[in-house]
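Subject: Structure handover

Hi,

Here is the structure for you to look over. My notes on what turned up follow below.

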Amino acid sequence: MIGSPLDSHILFQLGPVPISTAVAVTWGLLLMLAATSAWLTRRLALRPTALQSLLELLIETLDGQIRDTMQTGPERYRTLVGTLFVFILAANWSSLIPGIEPPTAVLETDTALALIVLLASIGYGIVAKGWTGYLRTFAEPSWVMIPLNIVEQLTRTFSLIVRLFGNIMSGVFVVGIALSLAGLLVPIPFMALDLLTGAIQAYIFSVLAMVFIGAAVAS
């Protein structure tokens, strides 16, 4: 079980740079996901195999979710939203591997993910409306609302951090406590619940990212 959620567990030093366990696990997950993606897409064909058909179904499901949530075409946002979901899902489920500390149970990882969503919403908003058009949205419906609209952007980011961090951290602690008290077999139902919680939190984070970006690019 992990210690304080605010502690960074240093695994090794890369020159003068300390590498924490969360960073090392994140690198490992990124390499694994990149290799898996390359393997799954190595033989795409016009006449799809069963595996390719499953992948196309998943992409169509993602596109449908983006259309329903953002009320716009999915092409521009598919890569970002899909990557966020897959990475967060893999990071959440990594807690079931003995000795692995899930990166999403560390505050720095969740902060980085939330900042990606914040910067993406700003970037997509500027692309959709231009600098002046995007900045003008902060004065809607009146210039008096400028401070409140800025605070809203910050609180959205903070809510993403707290929601993901709190849910994943609590799941890790529950499974860890059950393991320490009851041994290996009894905590299996808690692990199953942890799988479900990890999937739900990845979905919620991705949907909220779509909502925030959709609000930034909306007419």
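In the largest nonpolar core, five of the 24 residues touch the most other members: Ile-88, Leu-113, Val-117, Leu-160 and Phe-205. A nonpolar core here is a set of buried Ala, Val, Leu, Ile, Met, Phe, Trp, Tyr and Cys residues joined through side-chain atoms within 4.5 Å. Buried means under 20% relative accessible area, exposed over 50%, and partly exposed in between, with a 1.4 Å probe and protein chains only. At least two residues of this core come from each of α1 (21-40), α3, α4, α5 (146-182) and α6 (188-217). Helix α5 gives the most, with seven residues. Helices are DSSP runs (H or I, at least four residues), numbered from the N terminus.

Before going on, the basis. This is a predicted model: local features need pLDDT of at least 70 and side-chain atom pairs count only at pLDDT 80 or more, while totals for chains, interfaces and linings use all residues. Residues are numbered from 1 along each chain as its sequence is written, and side-chain values use heavy atoms, with hydrogens and water left out.

Leaving out residues up to four places away in sequence, Leu-160 touches Ala-114, Val-117, Phe-205, Leu-208 and Phe-212; contact means heavy atoms within 4.5 Å. Another core, of 11 residues, lies apart from the largest one, and its members include Leu-62, Val-81, Val-207 and Ile-213.

Next, Ile-161. This residue sits in helix α5. Ile-161 counts as buried because its relative accessibility is 11%. It touches Leu-107, Asp-110, Thr-111 and Ala-114, again not counting residues up to four places away in sequence. Leu-107 is 54 residues from Ile-161 along the chain, yet their C-alpha atoms are separated by 7.5 Å.

Then Thr-104, in the loop between α3 (78-93) and α4 (107-136). Thr-104 is buried, at a relative accessible area of 0%. Its side chain makes a polar contact of 2.6 Å with that of Asn-92. A polar contact is a pair of N or O atoms within 3.5 Å; within protein, one must be able to donate a hydrogen and the other to accept it, and residues adjacent in sequence count only if both atoms are side-chain atoms. Beyond its neighbours within four places in sequence, Thr-104 has contacts including Ile-88, Leu-113, Leu-164, Phe-165 and Ile-168.

Last, α2. Buried residues in α2 are Gln-52, Leu-62, Asp-63, Gly-64, Ile-66 and Met-70. Gln-71 follows α2 and has a positive phi, near 55 degrees.

Best wishes
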